[in-house]
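Here is a walk through one protein model and the links that join its parts. Please look at the sequence and the structure before reading on.

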Amino acid sequence: MRDHLYLFFFMIQFSSGCILSNERQTIEITGYTGGSVVLPCSCAHPQSTAITFTWQFQHSGQQWIQVFEDEKYSGRRVLFNERSPQNLSLLISDLRKEDQGFYRCETKQYTNIHLTVKGCDLVKNTKAVIAVTGYAGESVVLPCSCSELLAKPEQIQWMYYVEKAYKEIYPNEKTERHKNRVKLLNQTSPGNLSLHISALTAEDKGDYYCSVSSQKVSYRLYVEVTLRTEKPHIQTSISLSTLQPSHQTQELEPPQQPHDTSQNVFILLGVILSVLLLALLALIYWRCRGSRNVKKVTRDEEELNREQDNQDDVTYSAVIHVKTAATPAHIESDPAEHTEYAPIKVKR
């Protein structure tokens, strides 16, 4: 019973056709000139299919126009319903300012989409003429960009003042002087219109301007010629970093290997000198200590010899006391009993 009810409701929905997901609603979409945009429209039920549907366009309150009958969309419109029947979305490529307006996806119901297309408005400088300095033999960049970097201008021109008139140098090089030397700086960002000039010469100086539709930004290029020295890379790097901050330059790093080698040599010499100095100090200390020991031994020997000499120099002399008056003549006295010895020191 449930299966029959489900089949009954499905047949009713399928017979009624595609019911839009955003029926009678207005969707806001933003695109950029030169880019692409998808205007969404689909059936609410994934199994439903729109038998007939149309895409219409209205600009500034004018009459609705069939998109697939308008020649301005020729080659720029793609539908998704061939692979997904319920997906009625519209893809518009290579957007233009004139594509801005209201779009309507319509079956039995409709969904409105308001498309806003942002174009390229050049970033203006406070100065009427922007001064840029370059150097002969190097490259220079003349900065120019859209306020919306995702917006690609419909037409871009770079002009150079020569022979009392402005001549185009990009995209069509109408002067031999700049041939094969100019290009846009960044091709991946549509709104970056800066001009890169390589292999500058003194003749490249002068007035330039970047033009988008009726908008224009003017430049004055100065080219300085520097004398080559024995170290041209160092001189160029210093000049670009101090006098040319507006350019993107690649500073050359000084070679590191010779500096490291000389530093290692100095360190090795310092270590060797330190070792030699320590050895010299140790030798001087050892000799001084040995001299002191020799002197001490010599003094000890001199004192010892002096004491021995003192002992050897002592002589003894005999003093004999004779009593003549008190001793009778017939009594013999023993002279040994009255003999005394006195030491006498003799200096040599």
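Is Cys288 buried, partly exposed or exposed? Cys288 counts as partly exposed, because its relative accessibility is 38%. Keep in mind that this model is predicted.

Now turn to the disulfides. A disulfide is a covalent bond between the sulfur atoms of two cysteines. The whole structure holds four of them. Count the bonded cysteines along the chain, and the pairing reads 1-3, 2-4, 5-7, 6-8.

Start with Cys18 and Cys43. Their sulfur atoms lie 1.8 Å apart. The torsion about this S-S bond is about -120°, so the disulfide is left-handed. Cys18 sits in the loop between helix H1 (2-15) and strand E1 (26-32), while Cys43 belongs to the loop between strand E2 (37-39) and strand E3 (54-58). The two are 25 residues apart, and the bond links distant parts of the chain. Cys18 is buried, at 5% relative accessibility. Cys43 is buried too, at 5%.

Next comes the bond from Cys41 to Cys105, with an S to S distance of 2.0 Å. This link is left-handed, with -65° about the S-S bond. Cys41 is in the loop between E2 and E3, and Cys105 is in strand E7 (residues 101-106). They are 64 residues apart. Cys41 is buried, with a relative accessible area of 5%. Cys105 is buried at 0%.

Further along, Cys144 pairs with Cys210, their sulfur atoms 2.3 Å apart. Here the value about the S-S bond is -65°, and the link is left-handed. Cys144 lies in the loop between strand E10 (140-142) and strand E11 (156-162), and Cys210 lies in strand E15, so the bond ties together parts that are 66 residues apart in sequence. Both cysteines of this pair, Cys144 and Cys210, are buried.

Salt bridges come next. The structure has seven. In one of them, Arg181 meets Asp204 at 2.9 Å, N to O. Arg181 is in the loop between strands E12 (165-170) and E13 (182-184), and Asp204 is in the loop between strands E14 (195-197) and E15 (206-212), so this pair joins parts 23 residues apart in sequence. Arg181 and Asp204 are both buried.

Another bridge joins Arg220 and Asp207 at 2.8 Å, N to O. Arg220 is in strand E16 (residues 215-224) and Asp207 in strand E15, so the pair ties together parts 13 residues apart. Arg220 is partly exposed, with a relative accessible area of 36%.

Finally, look at Glu98 and Arg96. Their closest N and O atoms are 3.7 Å apart in a salt bridge. Glu98 is partly exposed at 42%. Arg96 is partly exposed at 27%.

Note on methods
Residues are numbered from 1 along each chain as its sequence is written. This is a predicted model: local features need pLDDT of at least 70, side-chain atom pairs count only at pLDDT 80 or more; totals for chains, interfaces and linings use all residues. Side-chain values use heavy atoms; hydrogens and water are left out. A salt bridge is a side-chain nitrogen of Lys or Arg within 4 Å of a carboxyl oxygen of Asp or Glu. Buried means under 20% relative accessible area, exposed over 50%, partly exposed in between (1.4 Å probe, protein chains only). Helices (H or I, at least four residues) and strands (E, at least two) are DSSP runs, numbered from the N terminus. A disulfide is a pair of cysteine sulfur atoms within 2.5 Å.
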